[in-house]
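Me: I would like to learn how to read a few local features in a model. Where do we begin?

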Amino acid sequence: RSRLPGRRRASNRCSSRKAEAEEEEEEVIKSFESLPLSPLVKESLEKLKLQVPTDVQHAAIPVLLRGEDAAVQSFTGSGKTLAYLLPILSRVGPLKQVAEDNCTHLVTSLKKSSSGTPSNNNKRGIEAVIVAPRELAMQIVRECERILGPDHKKAVQQLVGGANRSRQDEALKKNKPSIVVGTPGRISEISREGKLHTHMCLFL
C-alpha cells in the first residue's frame, strides 16, 4: 500500500510526458510547410511570415487540394479565406504546382515577366470563380493579391456590381486573369455576354 502513491506519481509523469510529446508532434504537423501546397505558394507564405495554419486551414487545405467538394464553417477571424485561397493558388495561376519537366519553363517565364502581368499567358480562360457579396469580394481580392505578390496580382480580377463595367471588361481582356472574384449579378451579366470564359474552370 505504501508504494501506491509512488506508482501514481510515476504514472502521472508518464502521462505528462506523453501529452507533451503529442503536443510537440501536433506543432510539427501544423505548419504550412507540411501541407501539400505548391512550392511558390509556400515561398510567398514564408515571405509574409505566415508559418502555422489555423485549425480551419489545417483541416480544409488537404481536402480541397484532393479536388473534393467541401463546405467550410468557422467563426469570424479563423482564417477561412486562406483555407480555400491557398489550395486554389496551388492549382491555378502563376504560383501553381507544375510537373517536374515543366519547372525550367516556369522559372524562365517568371524571370521574363517584368510588366506585372501574369507570365502564364492564361490560354485556359478562367480557372477559378469565387462568388461573394460586394465587400467580402473586395476583401478576398486583397488577400489573394497579398499571396500573389506585386508581380502577379493581375492574375486575380475583381468583378463587383457598382463598379465601372467597361473598365472590368477591359481588364479581363488585357490581363487574362486565372481567378475572378465578384458578386453573383455582375459575374452572371458578363458571363451571359460571352466575355467570361469559364469552360475550363476548376474551382467554384
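Reply: Begin with a cut-off. Buried means under 20% relative accessible area, exposed means over 50%, and partly exposed lies in between. Keep in mind that this is a predicted model.

Me: Is Lys176 buried, exposed or partly exposed?

Reply: Lys176 has 44% relative accessibility, so it counts as partly exposed. Lys176 sits in the loop that joins H7 and E3.

Me: Which other lysine has a positive phi?

Reply: Lys49, with phi near 60°. Lys49 belongs to the loop between helix H2 (39–47) and helix H3 (55–65). Its relative accessibility is 71%, so Lys49 counts as exposed.

Me: Now the helices. How do I describe a packed pair?

Reply: Two packed helices are described by the angle between their axes and the distance between the axes. Take helix H7 (residues 165–175) and helix H8 (residues 184–192). They pack at an angle of about 60°, and their axes are 12 Å apart. That angle makes H7 oblique to H8.

Me: Is the crossing of H7 and H8 left-handed or right-handed?

Reply: The crossing of H7 and H8 is right-handed. On the H7 side, Arg165, Gln168, Asp169 and Leu172 make the contact. By type, the contact residues of H7 with H8 divide into four charged, two nonpolar and one polar.

Me: How do I find the faces of a helix?

Reply: Use the helical repeat. An α-helix has 3.6 residues a turn, so residues three or four places apart point the same way. Then list the buried residues. In H8 these are Arg186, Ile187 and Ile190. Seen down the axis of H8, they fall within an arc of 100°, so they line one face of the helix.

Me: Which exposed residues are on the face of H8 turned away from its buried side?

Reply: Pro184 and Arg192 are the exposed residues there.

How values were computed
Residues numbered from 1 in each chain as written. Predicted model: local features only at pLDDT ≥ 70, side-chain atom pairs only at ≥ 80, totals over all residues. Heavy atoms only, no water. Axes fitted to C-alpha atoms, helices over the stretch in contact; angles between N-to-C directions. Helix = DSSP H or I, 4+ residues; strand = E, 2+ residues; numbered from the N terminus. Parallel < 35°, antiparallel > 145°, perpendicular 65-115°, else oblique. Left-handed = near helix turned anticlockwise from the far one by under 90°. Contact = heavy atoms within 4.5 Å. Nonpolar A, V, L, I, M, F, W, Y, C, P; charged D, E, K, R; others polar. Buried < 20%, exposed > 50% of the residue type's maximum accessible area, 1.4 Å probe, protein only. Arc of directions from axis to C-beta.
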